[in-house]
Amino acid sequence: MRRVAVTGMGVVSPLGNTAAEVFSRCYNGHSGVRVLDTPFAHRLGSPIAGVAAFDGAAHFDAPKLRMLDRVSQMALVAAQQAIADARFDARFDTLLDGPLRDPDRTGVFMGCGMGGIQSNDEGFQSLYRDNSDRIKPFTVLMGMHNAPAAWVAMAHGVRGPSLTYSTACSSSAIAIGEAWLRVASGTLDVALAGGAEAPLSFGSMKAWEALHTVAKTDLHMAPTSCKPFSKNRSGMVLGEGAALLVLEAWDAAVARGAAIHGEILGYGVCTDPSHITKPSAQGQALAMQAALRSAGLHAQEVDAINAHGTGTLANDVAETQAIKAVFGARARHIPVSATKALHGHLLGAAGVLECVISFLAMQRDVLMPTMHLDEPDPQCDLDYVANGARPSFPTRTMLSNSFAFGGSNAVLALRATQCRQRIPRALLV
């Protein structure tokens, strides 16, 4: 198995639309969750979400925009960022400083939990609310789950596999893990891997409310509504966005002088068959143990954990118990960060956004905070880096957890590069 480097990162998210913005806002505990100002907000029990400051019209002309659901718009912009960051040209078949090995040996691996739900929802409203017999001619193309991957592959001339993984909240973590397997095994040389999600339509948000998993909202304190691991937590907050990584063989990246953000060491995936929505500590522990085996790591080598940390009553207790099961007495000494408190739950794109945040933190020797942890929960008694980032904390190896409805659990093992970056003063605001 070859080592796999991360040489490009692109992001569109509630915390910002560049890696620098995401780091700054997360490090400083600035929430991207806000009260919605959409026409249907008054009909929601919890009219809040992690909203990306993103306007597709600023990136695409009108004819193209008519064919793209918001989920594909964000995926395309994040992919373009990642490819430029990795110093490939726009077609992704040539390096800016020389030719790529074989353009057929590139692939796209995307996670997406709900597809183009906004386009589908709009079509249903036309049919059932307005009694119209006409809907947009591109509704199928906009709404299908593989639309983001397909558009990214076409935009950048990718001729290898273009695959979409739809495993709810673990979708993008699985997409990264499967891309890692292809590059590590030598099947591919380069892969774009990540996910996209745009679930903030009326029908989608009402459906999530019906599950009783959405946080209760204090409209005066909406940014603090998601409270992972806090005793007064009341649920998750939906978020939207996209993030992509460029993965390539480590030796090739070094040979071309690429700026390496970090390394994917391994990937654990398992199914928790106990319940379709209620997580179990055993299932989550199995995924972490599988990631350690895949990466060839001992539990003692893990310096920190990015938690799934949704802020729901069931998940946060199960995840705490799972970490204890895997790490034993040392679990209390491993810092655990849950950044969904700030950006919300991006569902199919959550794993990749948190993977990006983990790399950004490791590069700068900091631990990201778990904000809004107001009241200690006796059942959640680990070091959650509560309410403020922890600077000057060298972290070389992390696990990033993603656990999903349907029981598809995935954990990525990540390692920082040896070349550390200082935090620019401008970001510490």
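In which helix is Phe124 found? In this predicted model, Phe124 belongs to helix 4, which spans residues 117-129. Phe124 has a relative accessible area of 45% and is therefore partly exposed. Together with Leu127, Tyr128 and Ile135, Phe124 makes a nonpolar surface patch of about 410 Å².

Helix 4 is also one of the elements against which the buried residues of helix 8 pack, the other being strand 3 (48-50). In helix 8 (residues 202-210), the buried residues are Phe202, Ser204, Met205, Trp208 and Glu209. These residues lie on the same side of helix 8, because the arc they cover around the axis is only 165 degrees. His212 follows helix 8 and has a positive phi, near 60 degrees.

The strands include an open sheet of ten, with mixed pairing and the order 7-6-8-9-1-10-14-13-11-12. Its edges are strand 7 (162-165) and strand 12 (336-337), each of which pairs on one side only. Within the sheet, strand 1 (residues 4-12) is antiparallel to strand 9 (residues 241-249), and eight bridges connect the two. Ala5 is placed opposite Glu248 of strand 9.

The loop between helix 8 and strand 9 contains Gly235. Gly235 is buried, at 2% relative accessibility. The C-alpha atoms of Gly235 and Ala215 are 3.8 Å apart, although 20 residues separate the two in sequence. Leaving aside residues up to four places away in sequence, Gly235 is in contact with Thr213, Val214, Ala215, Cys226, Thr310, Gly311 and Thr312.

In the whole structure, 16 salt bridges are found. One of them joins the side chains of Arg233 and Asp316, at an N to O distance of 3.4 Å. Arg233 is in the loop between helix 8 and strand 9 while Asp316 is in helix 11 (residues 313-327), so this pair ties together parts that are 83 residues apart in sequence. Both partners are buried: Arg233 has 6% relative accessibility, and Asp316 has a relative accessible area of 0%.

A further salt bridge is formed by Arg332 and Asp381, whose closest N and O atoms are 3.0 Å apart. Because Arg332 lies in the loop between helix 11 and strand 12 and Asp381 in the loop between helix 13 (350-363) and strand 13 (397-402), the pair ties together parts 49 residues apart in sequence. Arg332 is partly exposed at 47% relative accessibility, as is Asp381 at 28%.

Key
Residues numbered from 1 in each chain as written. Predicted model: local features only at pLDDT ≥ 70, side-chain atom pairs only at ≥ 80, totals over all residues. Heavy atoms only, no water. Patch = residues over 30% accessible without salt bridge, like charges linked within 9 Å, V, L, I, M, F, W, Y side chains within 5 Å. Areas by Shrake-Rupley, 256 points an atom, 1.4 Å probe, with all protein chains shown as cover. Salt bridge = Lys/Arg side-chain N within 4 Å of Asp/Glu carboxyl O. Helix = DSSP H or I, 4+ residues; strand = E, 2+ residues; numbered from the N terminus. Buried < 20%, exposed > 50% of the residue type's maximum accessible area, 1.4 Å probe, protein only. Arc of directions from axis to C-beta. Contact = heavy atoms within 4.5 Å. Pairing = 2+ DSSP bridges.
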